[in-house]
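Colleague: Hi, could you walk me through this model? I have the structure open.
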Amino acid sequence: MKTDIVNKVIGYFSDYFRISDQLLPQTSAEQDIREGVSFRGTNIMILVLAILIASLGLNTNSTAVIIGAMLISPLMGPIIGIGLGVGICDFALIKRALRNLVMAAGFSVVASTIYFIISPVSEGHSELLARTSPTIYDVLIGFVGGFAGILAIGSTSKGNVIPGVAIATALMPPLCTAGYGLATLQFNYFFGASYLFIINSIYIAFATFLGVKLLRYKTADTVDNNRAKRVRRIVYTLAILTMLPSIWLTWRMLDQTKFTMLASKFVAAECVFPDTQVLSEKASSVKGEKTITITLIGRPLPLDSLRLALSSRLNAYGLSNTRLILLQGGNIVKQNNDQAAGIKDFYELAQSTISSQQRQLDSLHLVLDRIKATDDLGAEVVPEMKVIFPQVAGISVSRNIFASVKDSARTDTVNLALIRFTSPMNESQTRKLREYLEARLKLKNIRIVNTGNIISTPQ
């Protein structure tokens, strides 16, 4: 009973993946592929025009223009032809498709090189730079895209698969970027983009070869089995050798991504200061040397002490052997990007605001210091007065501002000494007490006031 239910469920879902009733005859599918292999006349002209469109898109950093160029390009034809030739052991088709692919790639690189030589704009944008560091993900994109392509060509309902494959596998932009590298003598661009094109081409062809086997296409009538085995070994070897550098590049990319995430976590947790903020952070790894650059804004901090304290915390975040660079104030280097002017304006505005607030704080601190100093005046002389003036039981010295009733703009500063006596003082003793306080506290015109009665006022 359970077996029947399982079989029904499997049969129900497998029906969705059945393709046998949607496949074209092998001769029809082969004819479509063979027609796309040829690169003469109209095809080569369309290819050159597509390359120029893609170069314009890369030059202006326009994704829409690049996608349009990939839709126009007929480059998929010879690549799928190579896969078909390997799958059915048609060596003449392999040679013709390979020759046409090399010629098409050559024409494309030459056309893009000429364009970038005469183009007034020679700056590399993000769409260009993205074509210079292929990874294992590009291998998977080429393989899956090629597999989708051969299934679409071999079926009755092609839909929008082929244009979608052309966009996903992105054959045109790497060739344009390679031309850009030659035109500007930046050979790292040329080799990186060429490697990306080779990855896409080989894995589209490899996926086509596997698709042909899956579709069970019949091999050519006259087949040299030894030669067929040798060709298949070459295909497998090329696929593996092409994949290996991409695996290494992927590992580097993932390592850099992990390093960047750890650096951001470190800065967010450790670089928290009351009057100083982090303006920017940059984590970079060059030739194995990892560096975190932190730009600070606000109250200046002692960089040497701060660097020592922060460096001791790097191990806790998995950032051992990482060099820490701190920048602030005049040490901030000029930014070499489009946001440099905006960052500079923001920095200057923030510094101006902070300076103004700092001046206000300093002024308030000065007032508080003066008040505190005045409050402490009486306490300073208490030990001496016990000996010199034993009649004094307590003293408080303060500075007061008197405003004139007749003239509100006129003010006078009055120094008052409020004193509590154990026994009355005569005028001579009071004068000596006032002279002592003025000399000892370095204040002028001190008025001595009894807590109950005025004893003396200066003449």
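Modeller: Happy to, and here is a definition to start: helices (H or I, at least four residues) and strands (E, at least two) are DSSP runs, numbered from the N terminus. This is a predicted model, where local features need pLDDT of at least 70 and side-chain atom pairs count only at pLDDT 80 or more, while totals for chains, interfaces and linings use all residues. Residues are numbered from 1 along each chain as its sequence is written, and side-chain values use heavy atoms, with hydrogens and water left out.

Colleague: Thanks! Where does Leu185 lie?
Modeller: Leu185 is in the loop between α10 (172-183) and α11. Its phi is positive, about 60°, although Leu185 is not a glycine.

Colleague: Is that Leu185 buried or exposed?
Modeller: Leu185 counts as exposed, because its relative accessibility is 61%. The cut-offs are under 20% relative accessible area for buried, over 50% for exposed and partly exposed in between (1.4 Å probe, protein chains only).

Colleague: And which loop holds Asn321?
Modeller: Asn321 sits in the loop between α13 (303-311) and β3 (322-328). Asn321 also has a positive phi of about 60° without being a glycine, and at 75% relative accessibility it counts as exposed.

Colleague: Let's talk confidence. What is the mean pLDDT of the protein chain?
Modeller: The mean is 77, and 81% of the residues reach 70 or more. pLDDT is the predictor's confidence in each residue, from 0 to 100.

Colleague: Where is confidence lowest, and where is it highest?
Modeller: In the protein chain, the lowest is strand β7 (residues 454-456), with a mean of 46, and the highest is α6, at 89. The pLDDT is below 50 over residues 333-339, a stretch with three contacts in the model beyond near neighbours in sequence. It is also below 50 over residues 453-459, where the model has ten contacts beyond near neighbours in sequence. Contact here means heavy atoms within 4.5 Å.

Colleague: Now α6. At what angle do α6 and α12 pack?
Modeller: Helix α6 (residues 91-118) packs with helix α12 (residues 225-270) at an angle of about 35°, and their axes are 12 Å apart. The axes are lines fitted to C-alpha atoms, for helices over the stretch in contact, and angles run from 0 to 180 degrees between N-to-C directions.

Colleague: Which residues in α6 and α12 meet?
Modeller: Phe91, Ile94 and Lys95 in α6 meet Arg227, Ala228 and Val231 in α12.

Colleague: What about Ser112, what does it touch?
Modeller: Ser112, in helix α6, touches Ile51, Ser55, Leu175, Cys176 and Gly179, not counting residues up to four places away in sequence. Ser112 is buried, with a relative accessible area of 0%.

Colleague: Next, the largest nonpolar core. Which residues touch the most other members?
Modeller: Leu75 and Met172 do, out of 59 residues in that core. Helix α11 gives the largest share, eleven residues. A nonpolar core is a set of buried Ala, Val, Leu, Ile, Met, Phe, Trp, Tyr and Cys residues joined through side-chain atoms within 4.5 Å.

Colleague: What is Leu75 in contact with?
Modeller: Leaving aside neighbours within four places in sequence, the contacts of Leu75 include Phe39, Leu47, Leu101, Met172 and Phe197. Apart from this core lies another, of 18 residues, among them Cys271, Ala283, Leu296 and Leu326.

Colleague: Where is Val267, and what does it contact?
Modeller: Val267 is in helix α12 and is buried, with a relative accessible area of 3%. Its contacts, leaving aside neighbours within four places in sequence, are Val278, Glu281, Ile292 and Ile294. Val267 and Ile294 are 27 residues apart in sequence and 8.1 Å apart in space, C-alpha to C-alpha.

Colleague: Last topic, rings. How many aromatic pairs are there?
Modeller: The rule is that rings of Phe, Tyr and Trp (its six-membered ring) pair if their centres lie within 6.5 Å; planes under 30 degrees apart count as stacked, over 60 as edge-to-face and the rest as tilted. The count by this rule is eleven aromatic pairs. One of them is Tyr115 with Phe116, an edge-to-face pair at 5.1 Å centre to centre and 75° between the planes.

Colleague: Why is the pair of Phe143 and Phe206 tilted?
Modeller: The pair is tilted because the planes are at 40°, with the ring centres 6.1 Å apart. It links distant parts of the chain, with Phe143 in helix α8 (residues 136-153) and Phe206 in helix α11 (residues 187-214), 63 residues apart. Phe143 is partly exposed, with a relative accessible area of 26%, whereas Phe206 is buried, at 13%.
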